[in-house]
Amino acid sequence: MSDADSSPSAADSAMGTDSDHRSVDDPILEIERVVKRFGGITAVDDASFGIERGSITGLIGPNGAGKSTTFNCITGVYEPDEGSVVFDGTDITGRTPNRVATAGLVRTFQIAREFPEMTVLENMMLAPKNQLGESLWRSVAPRTRGAVIEEEKRLRERAWEVLEFFEIDHLAGEYAGTLSGGQRKLLELARALLTEPELLLLDEPMAGVNPSLEKKLLEHIHELQEQGYTFLLVEHDMDVIMNHTEHVIVMHQGSVLAEGAPEAVKSNEEVIEAYLGGEV
Ligand SMILES: Nc1ncnc2c1ncn2[C@@H]1O[C@H](COP(=O)(O)OP(=O)(O)O)[C@@H](O)[C@H]1O
Ligand SMILES: [Mg+2]
């Protein structure tokens, strides 16, 4: 926070800030000095950044930079060894994924996690983690039985609404295992949206998606942004990052190497070097 505390990489970054990370006007998410170790490997090493509410922000970096682990620390899949995660002004560090999702923060995975032997609609119905119906005693107790049925009905309506939004409602009765890679990504996003989150973390949403579906997926993301959703996107496709994000955070060896506007980051010497070093 102090002026004395200026790491050389942060000072030279595209933003040229003199604090730990750039200041964000209206942050929906702030991670502060997060560290995550696996045995001798420090996968996330003192990473700090903020996400502007309502933005589409890109999180990039060479393979092994710590992007997925950062996502996992934010969403409660892993508990950080050090540091804090603040969502919408509330410290959520170490909360379980269900509680993080309930707070309004969800993620999709690099590899889509649908259940192949269930239909698309059945997969959708599994998504919200805090349905009343999940606890058995509630569903058999006469007084709460009505509420459970109401909740299921509401959920089913919402599921159809989201499937229609993504234009995959015609696939509702298909087994998820028969979907194409791109359709799986849409289903994954649809499931994430079902919990009515404020912030969505997408881990490589375009991987394995054909160009026409990719275009559609990006249109949906922009449409959702207009509705007020915020996105943090891990994506390898630089064209996607350059054309569809407002702000880019670059990770390298577990830390934030640079951040700034897409064009500034693209021409940042350190960033170019990090990518060259990692890709040979
Ligand atoms: N569960 C794990 N156990 C041990 N090492 C891990 C685990 N997850 C990630 N790592 C290591 O942490 C580093 C960062 O990985 P990851 O977050 O997946 O990077 P990225 O998503 O940027 O490619 C890599 O060196 C990776 O091998
Ligand atoms: Mg990854």
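**Close-ups of a predicted model**

**View 1. Two non-glycine residues with positive phi.** Glu 196 sits in the loop that links helix H7 (181-194) to S7. Keep in mind throughout that this is a predicted model. Glu 196 isn't a glycine, yet its phi is positive, at about 50°. How many other C-beta atoms lie within 10 Å of Glu 196? There are 11, so Glu 196 is exposed, the cut-off for that label being 12 or fewer. Arg 33 also has a positive phi of about 50° without being a glycine, but Arg 33 belongs to a strand, S1 (residues 27-38). With 15 other C-beta atoms within 10 Å, Arg 33 comes out as partly exposed.

View 2. Which strands make up the open sheet, and in what order? Six of them, running S6-S7-S8-S3-S9-S10, with mixed pairing. Strand S6 (105-108) and strand S10 (255-260) are the edges, each pairing on one side only. Ignoring direction, neighbouring strands in this sheet are turned by 20° against each other on average. Helix H2 (residues 67-74) packs on the sheet and touches strand S3 (56-60), S6, strand S7 (199-203), strand S8 (230-234) and S9. The direction of H2 makes about 150° with that of S7.

**View 3. Strand S9 and the strands on either side.** S9 (residues 247-252) runs antiparallel to S10, and five bridges join the two. One residue pair to look for here is Met 251, whose bridge partner in S10 is Val 256. S9 and S10 make a hairpin with two residues between them, and Gln 253 in the turn has a positive phi of about 50°. With S3 the arrangement is parallel, with four bridges to S9; Ile 60 has Val 250 as its bridge partner in S9. Is S9 mostly covered or mostly open? Mostly covered: six of its six residues are buried. On one side that's His 247, Ile 249 and Met 251, and on the other Val 248, Val 250 and His 252, so both faces are covered, a residue counting as buried when 20 or more other C-beta atoms lie within 10 Å of its own.

**View 4. Ala 43 and the residues around it.** Ala 43 lies in strand S2 (residues 41-52). Why does Ala 43 count as buried? Because 22 other C-beta atoms lie within 10 Å, and the label needs 20 or more. Setting aside neighbours within four places in sequence, Ala 43 is in contact with Lys 36, Arg 37, Phe 38, Gly 66, Thr 69 and Gly 254. The C-alpha atoms of Ala 43 and Gly 64 are separated by 7.7 Å, with the two residues 21 residues apart along the chain.

**View 5. The shell around ligand 1.** What surrounds ligand 1? The shell is Phe 38, Ile 41, Ala 43, Gly 61, Asn 63, Gly 64, Ala 65, Gly 66, Lys 67, Ser 68 and Thr 69. Ala 43, the buried residue of the previous view, is one of the shell residues. Sorted by type, the shell has four nonpolar residues, six polar ones and one charged. S2 and H2 each supply at least two residues, and H2 gives the most, with three. H2 is also the helix that packs on the sheet.

Methods
Residues numbered from 1 in each chain as written. Chains lettered and ligands numbered in written order. Predicted model: local features only at pLDDT ≥ 70, side-chain atom pairs only at ≥ 80, totals over all residues. Pairing = 2+ DSSP bridges. Axes fitted to C-alpha atoms, helices over the stretch in contact; angles between N-to-C directions. Contact = placed C-beta atoms within 7 Å. Near = placed C-beta within 6 Å. Nonpolar A, V, L, I, M, F, W, Y, C, P; charged D, E, K, R; others polar.
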